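Please go through the model below with the text alongside.

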Amino acid sequence: MITLSINGLNVSVEKGATLLEACRFVGFPVPTLCHLDGLTPYGACRLCVVEIGEGAKARLVSSCTYPAEEGLKVRTASRRVMRARKMILELMLASCPQSKVIQDLASAHGIRQQRFKQEYEQCILCGRCERMCREQMMAGAIGFRGRGEGRSLGAPFDIKSEQCRLCGGCIYVCPVCQLRCTYTVPEKAVCGGCANLTPACLEKEQFADMMCYMEPCVACEIKKT
Amino acid sequence: MERLQSIADFNSLRRRLQVDSDYSRPVIVIPAGTCGQASGAKDLILIVKRELLERGLTERVSLRITGCHGFCQAEPSLLIEPRRTFYPHVSMDAMSRIVEAVANDHVLDDLLYIDPLTRQRIEKQDDIPFFRNQRRTILARNEKVDPIRVYDYIKADGYSSLVKVLSRADPCWVIEEIKSSGLRGRGGAGFPTGRKWELLAAQHDGHGKFLVCNADEGDPGAYMDRSVLEGNPHSILEGMLIGAYATGATEGVVYVRTEYPLAIKHLIIALRQARSMGLLGKNILGTGFSFDVSIVRGAGAFVCGEETALLRSIEGFMGEPRQRPPFPVDKGIEGKPTVINNVETWANIPIIIERGAAEFVKVGCQRNSGTKIFSLVGKIKNTGLVEVPMGITIDKVVNEIGGGPAGHAKIKAVQTGGPSGGCIPVEMFGLPIDYDSLSSAGSIMGSGGMIVMDEHTCMVDVARYFMKFLKDESCGKCFTCRKGTQRMFEILEDITNGRGTMEQLELLAELAHVVKDTSMCGLGQSAPNPVLSTLRYYRAEYEAHIKGCCPASVCRALFEFHIIPEKCTGCRRCVSVCPVGAISGARAEPHNLDAAKCIKCRACYDVCRFGAIVGEAIVMQPGGEKHRAAEPDATQTHPLIEEVSQTKSTQESALLAVSGVGAEKIRLSAERRTSRSKGSVKAKATRLKGSRKKRR
């Protein structure tokens, strides 16, 4: 067992546990987007940052990937953490404003405006779908491509992968737009989360750029039959 | 190539090589690294070979083709040993004369290096200020060795450190020696190498351990690792062999970028030679110690220089960093313990073993021992690779070795540590170059890039340039690094285009701090450095941009060139260099610059010797109308920009003049200026207006 202090509270967790697990174990809320129980920790969204260490050596780490260490002092809601978290949410709101999940998180953190140029992207590249596909569905049909600005998710060469079984797992785990396309009847698969949007899969032409990794899309396929 | 069966075999081979060589015979040394070849060293080699054969000098004069010596400014250059005569910028025509002079032991005075400061000719390489002020230990070995000839390296005491280690047969002693030498990783972070090795040696894993040489040098304008790999690949192998012996590692990997074909070629040759001589592979020199090295070619992603991303790349995955801990020394390639060191670190190892740690510590300063190679580039007279002891001041490197500013403009700042480093202003040039001082100044040592900037450089534009690089090179895994660099670039782009606001500046600083705080790897954590350091030292320049003026006349949207008729002598130099024909005028009469045609390429600005061409701020008015800001005061004939770049106090007053005073004054003063040559200017003004409309 490893004993560490979280917000001044001494906690014992098993060896190999992450800071996020330790924090949640004792009930300190840490928001996450890219984390999902059952998938390997990835640390992409940075929303789960917590402050560790003291004095000049204090630093922020993503709690979902950082292993619990003996005697570690963790702060989950210090000023530095909150400043970082708010900025991350502001950046997310600036890029993916339609996501209900992000809107709710931003609202909960008291963010009333975002100061960047508004973009209308959908994906935050958290990689949940990719890990779901590879680790849980044992398919590995989609993956990351490119780097920096050109980074995207999809099948190689944007051709439907032979590995894909159209299970829809990738869509199911998407944290940014949790409820889209989860319904089996396309007409009723109206995005519950982002009610202001027509579901992307129903009007392909109109939302050609939208996030839908399935090629062909599950919902669209069902519609055809 | 004979296979050496024992240490005695090796010693006798070395003795034989050293006895056989005739040190008095003149040698023509041609540096032909990538930089040398690009400037024509290959042609020189062909000519020298032909001349030697034609004149029957093959028995009297030798030729040695080596890697880069460092003085890239003077390439293609020649070094004649044993006199150590140095010929810079050797042309093909001069080559046959040089060969003749070498054969007769003459020196060709007219081809010697001319010191730009004293205008005197200097014969010996070691007397040239660029070389004299350095302390060359690693680079000096490049001169002695033909990288594709292992015998050259052995003759120059190569592999003797390995033999020393093997005959001592005490791995702990090696680690103690490296530890007491105080060698810190030359890749940038400065982690003590000895400690790293100690941690690896302490790992008791029966499945093997890895050593990695990180030759993924991605910083723009930095090429230290390339020149060492190209010029002396055996020294890297020797360093790795010593490291493997000390730590018990079984496999080595050199991760080198595919963009370095010559380095890869030399490395492959070196590996083949070392293997066939029994210096690499199983049972090295009959001691029972086994170690082999393979090459992995990187595809050139900047982030793969980061150690965890590099490991992923070696394993064949996408180059993406992961969370540390677990550190590579616990879990590296395929989960096995791994130590990663930079090329320069490995090159230092044989030197430490050869000379002893006590000797090594004497060079450099407290906690920063040894020498460091910097690639000194930018607006200075002598560019190239310089090797200096740690703790030397920036001033010494820039002004003594670099020879001061290249043009007439004064030096303004130096950017260290590559794209994720920071800018250090000229006022702080007394700062010693070591890991700790640089990071306290908001920059980093990095792998050793050093870009000198003069007053014609806009710091906001510099930050924008580096941010563009980082935005493209961020792996994109961390949301904050990917989006943060994109947003920082977006804001910097706005500022350089005159659309910036003070709120954006605050946002930029806030965002930079968060990106630094929350990113996973070294790239993201240091990505905001260019912004933070320029904001820290050149905030006034940012504010000037927001008020609509680029003090250095770089940001195209914020200035227009025009010619001061009083200063223009009508020499037509600018007319001849203008690529779009925007400048017109007869000889000996003041020229006229058509701002509508001008593409602001700065060619005229750079050639004008009279300071007659100046940039003038275009001020954005509240209505969106652009105005040219003229002289803030009638008595001042100097335009605004020149004033701003000269002193800080005038900078402030000039800013006030631009910002505080309303459109009225600006328009008035603009009229005052135009009244100088009314006829032509009026026509120009209408043209200008039209062009601005078009631009909008």
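What follows covers the chain contact, a helix pair, a strand arrangement and some backbone angles.

This is a predicted model, in which local features need pLDDT of at least 70 and side-chain atom pairs count only at pLDDT 80 or more, while totals for chains, interfaces and linings use all residues. Residues are numbered from 1 along each chain as its sequence is written, and chains are lettered from A and ligands numbered from 1 in the order in which they are written.

The contact takes 27 residues from chain A and 29 residues from chain B; two residues are in contact if their C-beta atoms, placed from the backbone, lie within 7 Å. On the side of chain A that touches chain B, strand 4 (59-62) and helix 2 (79-95) each supply at least two residues. Helix 2 of chain A gives the largest share, seven residues. By class, this side of chain A has 14 nonpolar, five polar and eight charged residues. Here Ala, Val, Leu, Ile, Met, Phe, Trp, Tyr, Cys and Pro count as nonpolar, Asp, Glu, Lys and Arg as charged, and the others, Gly among them, as polar. Helices (H or I, at least four residues) and strands (E, at least two) are DSSP runs, numbered from the N terminus.

Within chain B, helix 8 (residues 160-168) and helix 12 (residues 233-247) pack at an angle of about 15°, with axes 9 Å apart. Helix 8 of chain B is therefore roughly parallel to helix 12 of chain B, a term for angles under 35 degrees. Axes are lines fitted to C-alpha atoms, for helices over the stretch in contact, and angles run from 0 to 180 degrees between N-to-C directions. Helix 8 of chain B contributes B:Ser161, B:Leu162, B:Val165 and B:Leu166 to the contact, and helix 12 of chain B contributes B:Glu238, B:Leu241, B:Ile242 and B:Tyr245.

Strand 3 (residues 78-81) of chain B pairs in the antiparallel sense with strand 1 (residues 27-31) of chain B over three bridges; strands pair if DSSP finds at least two bridges between them. Strand 3 of chain B also pairs in the antiparallel sense with strand 4 (residues 85-87) of chain B, over three bridges. B:Ile80 is the bridge partner of B:Ile28, and B:Leu78 stands opposite B:Tyr87. In the loop between strand 3 and strand 4 of chain B lies B:Pro82, and the peptide bond from B:Glu81 to B:Pro82 is cis, with omega near 0°.

Terms used. Angles under 35 degrees count as roughly parallel, over 145 as roughly antiparallel, 65 to 115 as roughly perpendicular and the rest as oblique.
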